[in-house]
Amino acid sequence: MAAVEIVSFGYLHDAPPVAHLTIDLRHHFRDPHVSPELRYMTAADEPVRTAVLNTSGITALVDATATAVTAFAAGPSAGTVTVADGCAGGRHRAPTFAAALAARLRADGHEVTVSHRDMARPVVQR
């Protein structure tokens, strides 16, 4: 199976990384930032992961993205398939989605690396 690189990021910090697939999580999925008790947490915290993964549509998007990655990997060009997934600040939705996608892809036999470009940055005040 092909190697896959997943990069989570926040649109409010910088431009999206260059990728074969870019997933924008900003407008269609619940933002933990709006909950004061979750705002200063990150995807490293279980309550954030639970809130994001219990949002309707996330599991279907993980599955659809995994299918798209497999299609890219089946193409004639060998090499790493890069997926960038972003939310507003890069602390909640994007890294949670990245971890879920990585788990799914590993179960499918892909070699996966994950990095979180903006998860350690300060909370964006908005």
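Student: Is Arg49 buried, exposed or partly exposed?

Tutor: Buried means under 20% relative accessible area, exposed over 50%, and partly exposed in between, with a 1.4 Å probe and protein chains only. Arg49 has a relative accessible area of 27% and is therefore partly exposed. Please note that this is a predicted model, in which local features need pLDDT of at least 70 and side-chain atom pairs count only at pLDDT 80 or more, while totals for chains, interfaces and linings use all residues. Residues are numbered from 1 along each chain as its sequence is written, and side-chain values use heavy atoms, with hydrogens and water left out.

Student: With which residue does Arg49 form a salt bridge?

Tutor: A salt bridge is a side-chain nitrogen of Lys or Arg within 4 Å of a carboxyl oxygen of Asp or Glu. Here the partner of Arg49 is Glu46, and their closest N and O atoms are 2.5 Å apart. Glu46, at a relative accessible area of 45%, is partly exposed.

Student: Where in the secondary structure do Glu46 and Arg49 lie?

Tutor: Helices (H or I, at least four residues) and strands (E, at least two) are DSSP runs, numbered from the N terminus. Both residues belong to helix α2 (residues 46-53); they are three residues apart, so about one helical turn separates them.

Student: How many salt bridges does a search of the whole structure find?

Tutor: The search finds seven. Among them is the bridge between Arg117 and Asp118, with 3.0 Å between the closest N and O atoms. Asp118 also forms a salt bridge with Arg121, where the corresponding separation is 3.2 Å. Asp118 is buried, at 0% relative accessibility, whereas Arg121 is partly exposed at 35%. Elsewhere, salt bridges that share partners join Asp63, Arg104 and Asp108 into one network. Arg117 is partly exposed, its relative accessible area being 31%.

Student: Which residues is His13 in contact with, leaving aside its neighbours within four places in sequence?

Tutor: Contact means heavy atoms within 4.5 Å. By that criterion His13 touches Gly89, Arg117, Asp118, Arg121, Pro122 and Val124. His13 itself is in the loop between β1 (3-10) and β2 (21-24) and is partly exposed, with a relative accessible area of 22%.

Student: Is Ala43 buried or exposed, and where is its place?

Tutor: Ala43 is buried, at a relative accessible area of 9%. Its place is in the loop between α1 (36-39) and α2. Leaving aside neighbours within four places in sequence, the contacts of Ala43 are Val48, Arg49, Arg91, His92, Pro95, Thr96 and Met119. One of these, Pro95, is 52 residues from Ala43 in sequence, yet the C-alpha atoms are 5.9 Å apart in space.

Student: What remains to be read from the whole chain?

Tutor: Of the 126 residues, 43% count as buried. Among contacts between residues at least 6 apart in sequence, 80% join residues at least 24 apart. The accessible surface, from the Shrake-Rupley method with a 1.4 Å probe and with only the protein chains shown counting as cover for residues, comes to about 6300 Å², of which 57% belongs to carbon and sulfur atoms.
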